[in-house]
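Please consult the sequence and the structure alongside them.

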Amino acid sequence: MTQRFCRYVNKVFHLPKHLTLIKDSRKRPVLPSAAIWMSAFFMFTFRMRSLNAADCQLRLSGYLPKLVSLDKPSADTMGRVFDLMESEPIRDILSKINHTLKRNKALRNPRGGLRFAAVDGHELFRSRSRCCEGCCIRHLTVNDKEVIEYYHRVVACHLIGFKIPIPLDIEPILPGENEVAAAKRLIERVLVRYARFFDVIVADALYLESSFINFCLEHKKHLISVLKENCPCLLEDAMDLFKKIPARSYKEGETAIQLWDEEGFGTLEKAKAPLRIVHTHEDEIVRKRVAGQWIQRKQAHDRWWATTLPKSELSAEVVRWAARSRWDIENDLFNTLVTHWSMNHCFKHASNAITNFLLTLLVAFVLVQSFYHLNLKSPISGKFTLIAITSLFLMGLASETFSLSWLESLPGP
């Protein structure tokens, strides 16, 4: 299985050719940058939990020469070099992979003829004793004493509505700035590489502010955002209007939905375009197993969304679908990477190293997902989960016949 995966990433994505992009600032390197980056790439591919775990599993067992080269970078070397490594070449590799997926028709428009990208923040790890120049700071009260906690957060941009999770990029939140400011910086860089990958940005209620709405419109992108009490005037205006308008009712499975949809809200004065409000009241039938018996319960949900999309461009049903699909970035990206790929582990407590390790993780994650969903046939993928396949990767290294034909193509130091 490991040999097949390596042939796949070579034939389809030409990964070895892209390794020439990897660079770092060492003046007299002993080990090539590409070999050190590939060591971390396979660490994430095999879902190893730390640099020391990779050191034991790959380096000491003799597996690493089969994957990278005869040189074996230690855990300390990997962490040090990743802090000296340039981030843009890794972003270029991720971009080339995502563009290959698009050319191969793996990213078809899910609904409505528009593509949607979710933007959301995520906290990686925190500490009360160790910090670096990129740590954010917050003050907590513990046992009636004020303590300082250092933490790292990032903002991610992720395509939603596709079978394969497609992360586009990440951006660290710098000390003293909020999530929206980092998201603007992220989107500006994403649009350079992925200008035609999405048409609409989907975000939570934090992003529903005039400055971010205008930012999206200036970059010719629409916005769908959750509407909550953070915009009380806009929410109150919509509630007063919808009380006078009859809802459109329909069913989706066992869920009864009442939907209101109106546009022309100019409550946010500094916004350069009026907003459209979509509201649903949903009565959902939930089945739970209690004491060995199935019990059905009805749950009611009231949801509000604001968008710059006019009615003529997208129906309210698709707006609702896109807004609810925003959770793909939480479930398919953050939750999966944290649970199975150790996203929240601090491999090296240095700002640049954290970014480079996360970008390398995204490269490995996209390639493993593509291999599982697009390359493996149903007799195999139907019997093994994605996590089981990654376990088979490490087992395949023990084969005496395993070899990589593109080892010689790795650039030297």
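A residue is called buried when its relative accessible area is under 20%. The model discussed here is predicted.

Q: Is Cys231 buried or exposed?
A: Burial requires a relative accessible area under 20%. The relative accessibility of Cys231 is 8%. Because this value falls below the cut-off, Cys231 is classed as buried.

Q: How many disulfides does the rule count?
A: Two cysteine sulfur atoms must lie within 2.5 Å to count. Cys231 is in no disulfide, as the nearest cysteine sulfur, in Cys233, lies 8.6 Å away. For the structure, the count of disulfides is zero.

Q: What is the volume of the largest cavity?
A: Four cavities of 30 Å³ or more are present in the structure. The largest cavity has a volume of about 80 Å³.

Q: Which element gives the largest share of the lining of the largest cavity?
A: The residues lining this cavity include Phe44, Leu124, His345, Lys348 and Leu361. By class, the lining has 10 nonpolar, one polar and one charged residues. Two or more lining residues come from each of β1 (116-127) and α13 (351-375). The largest share, four residues, is given by α13.

Technical notes
Residues are numbered from 1 along each chain as its sequence is written. This is a predicted model: local features need pLDDT of at least 70, side-chain atom pairs count only at pLDDT 80 or more; totals for chains, interfaces and linings use all residues. Side-chain values use heavy atoms; hydrogens and water are left out. On a 1 Å grid over the protein atoms alone, a cavity is a set of points where a 1.4 Å probe fits but cannot get out, and a pocket is an open set with protein on both sides within 12 Å along at least five of seven lines; lining residues have an atom within 4 Å of a point. Grid points are joined across faces, edges and corners, and a volume is the space filled by probe spheres set on the points. Ala, Val, Leu, Ile, Met, Phe, Trp, Tyr, Cys and Pro count as nonpolar, Asp, Glu, Lys and Arg as charged, and the others, Gly among them, as polar. Buried means under 20% relative accessible area, exposed over 50%, partly exposed in between (1.4 Å probe, protein chains only).
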